[in-house]
Amino acid sequence: MLFAAGFGHRMRPLTDDRPKPLIEVAGRSLLDHALAQRSGLALTCVVNAHYRADEIAAHVAGRDIALSREDGEILETGGGLRHALPLLGAGPVFALNTDAVWHGPAALPLLAEAWDPARMDGLLLCVPRDRARGHRGQGDFLLDTEGRATPGPGLVYTGAQILRTELLSEIAASSFSVWELWKLMMARGTFHATTYPGLWCDVGQPESIALAEEMLHE
């Protein structure tokens, strides 16, 4: 599941005439940078779309990618994931933001290797702050000795994750952040994270494009 429905307010004015996932970094759209993180995994691929959805649809046309179109209110990440479940099918789901660029091994195979279904309902891929570009905060998550994640100044969340989706049925709202699902997993002690070994850049603002392109040449 690739999240591509947002308005991209922080990317204005670039998003005045295009959706953020179609902004290019190093001659390649952010959406295609994200799709490359599959690295050959045989996955059912779904992209959601709301803002300028027809442009997203045209970009993925002719490829083995399903479109989860969100009409009416924007559903945010959690609501968008639940809306796409009929296309995604049963079982754990890879989910990936489309506003980042990676330099190193593909993200999703790393998550697959670290996934332990006996212990986990959710697994995030995070990066140490010294390997994160374009991130201004103090980090997002702390890990305990078992790899369980809790909010705090530590590792930076990259936007890549594996999630079981059954707990989505416990959330009443139609539009909600995936954080609401994470909180349910934290309460169960089944929310984990693992570390990305390469470089990562948050491309959430126009000035981040140059940072990402510089990172790709490191």
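This tour moves through a predicted model, from its cysteines to a serine at a helix and then to a group of aromatic rings.

**Cysteines**

Begin by displaying the cysteine side chains. The structure holds 0 disulfides. Select Cys-201, which takes part in no disulfide; the nearest cysteine sulfur belongs to Cys-126 and is 16 Å away. Because a disulfide requires two cysteine sulfur atoms within 2.5 Å, the 16 Å to Cys-126 rules out that pairing for Cys-201. Cys-201 is buried, with a relative accessible area of 0%. Next, select Cys-45, which has 4% relative accessibility and therefore counts as buried.

Ser-208 lies in helix H6, which covers residues 208–215. Is Ser-208 buried or exposed? Its relative accessibility is 3%, so Ser-208 counts as buried.

**The aromatic rings**

The structure holds 9 aromatic pairs. Select Phe-141 and Trp-179: the ring centres are 5.5 Å apart and the planes meet at 20°, so this pair is stacked. Phe-141 belongs to strand S10 (residues 141–143) and Trp-179 to helix H5 (residues 179–188), so the pair ties together parts that are 38 residues apart in sequence.

Colour these two residues by accessibility. Phe-141 is buried, at a relative accessible area of 1%, whereas Trp-179 is partly exposed, at 33%.

How are the rings of Phe-141 and Trp-182 arranged? Their centres lie 5.7 Å apart and their planes are at 70°, so the pair is edge-to-face. This pair also links distant parts of the chain, with Phe-141 in strand S10 and Trp-182 in helix H5, 41 residues apart. Both Phe-141 and Trp-182 are buried.

**Final view**

Centring the view on Phe-141 shows its stacked pairing with Trp-179 and its edge-to-face pairing with Trp-182.

Notes
Residues are numbered from 1 along each chain as its sequence is written. This is a predicted model: local features need pLDDT of at least 70, side-chain atom pairs count only at pLDDT 80 or more; totals for chains, interfaces and linings use all residues. Side-chain values use heavy atoms; hydrogens and water are left out. Buried means under 20% relative accessible area, exposed over 50%, partly exposed in between (1.4 Å probe, protein chains only). Helices (H or I, at least four residues) and strands (E, at least two) are DSSP runs, numbered from the N terminus. Rings of Phe, Tyr and Trp (its six-membered ring) pair if their centres lie within 6.5 Å; planes under 30 degrees apart count as stacked, over 60 as edge-to-face and the rest as tilted.
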